[in-house]
Amino acid sequence: MSKLVDAQTPAPPSQGGIAWRKVFAFPNPVNEYSARITAALVVVLSAATLLTGFGWGLAVIAAGFWLRVLFGPRISPLAQLSVKVLTPWLGRNRLVPGPPKRFAQGIGAAMSTAAAVLLAAGVAPAAWILLAVLIIAASLEAFAGFCLGCTIFGFLQRRGLIPEDVCEACNNISLRRG
């Protein structure tokens, strides 16, 4: 059975308690256009934060990345705007594997969190440089359709650092949709 399964598929009945897999589910596959629109929103928020110098923006950006990494698009305001409003309005759909996108969100979470910590520690230049790098990576995704995090995911998977079964569709072209 393919690992390319929609996260909305009901989980098997549990014996009680919280279905943690469902709580922390990430969609697979994901609509590439939703991911690109979310990246564009990250670019806008990040550029506004960088240009204004408002440090609270870093906390908002980091929180958004963490929400998307941990819970998928379900509770992230930026992801909800892109998935529920902007992508349907655009009317485009191209399904791509979810695990590389989640990995990319994790890189964004790490970078934005590090930037927020650096700013709080009084190392503003390093924080703003990290935010600028994040803007470049998110811009590549949003405007060129090139996901740097997905590329790193593929590299790590080919080197055996990420097991093949994490994303079968990444390795088997016949399982890809789109």
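Visitor: What counts as a salt bridge in this predicted model?

Guide: A salt bridge pairs a side-chain nitrogen of Lys or Arg with a carboxyl oxygen of Asp or Glu. The model is a predicted one. For the pair to count, the two atoms must lie within 4 Å.

Visitor: How far apart are the closest N and O atoms of Glu-141 and Lys-101?

Guide: Glu-141 sits in helix 6 (residues 124-144) and Lys-101 in helix 5 (residues 98-120), 40 residues apart, so that the pair links distant parts of the chain. A salt bridge requires a separation within 4 Å. Glu-141 and Lys-101 form one, with their closest N and O atoms at 2.9 Å.

Visitor: Are Glu-141 and Lys-101 buried or exposed?

Guide: The limit for a buried residue is a relative accessible area under 20%. Glu-141 has 7%, and Lys-101 has 10%. Both values fall under the limit, and therefore Glu-141 and Lys-101 are each classed as buried.

Visitor: How many salt bridges does a search of the whole structure find?

Guide: One of them joins Glu-141 to Lys-101. In another, the side chains of Arg-94 and Glu-32 meet at 2.4 Å, N to O. The search of the whole structure gives a count of two.

Visitor: Which parts of the chain does the salt bridge between Arg-94 and Glu-32 link?

Guide: The side chains of Arg-94 and Glu-32 meet in this salt bridge. The two residues are 62 residues apart and belong to distant parts of the chain. Arg-94 lies in the loop between helix 4 (77-90) and strand 2 (95-96), and Glu-32 lies in helix 2 (residues 32-52).

Visitor: Which class of accessibility does Arg-94 fall into?

Guide: Glu-32, its partner in the salt bridge, is buried at a relative accessible area of 10%. Arg-94 has 37% relative accessibility. Because this value lies between the 20% and 50% limits, Arg-94 counts as partly exposed.

Visitor: Which element supplies the largest share of the lining of the largest pocket?

Guide: The largest pocket holds about 970 Å³ of space and is lined by 45 residues. The largest share, seven residues, comes from helix 6.

Visitor: Which residues lie nearest the centre of the largest pocket?

Guide: By class, the lining has 26 nonpolar, 11 polar and eight charged residues. Lys-101, which forms a salt bridge with Glu-141, is one of the residues nearest the centre.

Visitor: With which residues is Ser-34 in contact, leaving aside its neighbours within four places in sequence?

Guide: Ser-34 is found in helix 2. Its relative accessible area is 9%, and it is therefore buried. Beyond the neighbours set aside, Ser-34 is in contact with Ser-82, Val-83 and Thr-87.

Visitor: Is Ser-139 buried or exposed?

Guide: Ser-139 lies in helix 6 and, apart from its neighbours within four places in sequence, is in contact with Val-43 and Ala-144. Its relative accessible area is 19%, and the limit is under 20%. Ser-139 is therefore buried.

Technical notes
Residues numbered from 1 in each chain as written. Predicted model: local features only at pLDDT ≥ 70, side-chain atom pairs only at ≥ 80, totals over all residues. Heavy atoms only, no water. Helix = DSSP H or I, 4+ residues; strand = E, 2+ residues; numbered from the N terminus. Buried < 20%, exposed > 50% of the residue type's maximum accessible area, 1.4 Å probe, protein only. 1 Å grid on protein atoms, 1.4 Å probe; cavity = no way out; pocket = protein on both sides within 12 Å on 5 of 7 lines; lining within 4 Å. Points joined across faces, edges and corners; volume = space filled by probe spheres on them. Nonpolar A, V, L, I, M, F, W, Y, C, P; charged D, E, K, R; others polar. Contact = heavy atoms within 4.5 Å.
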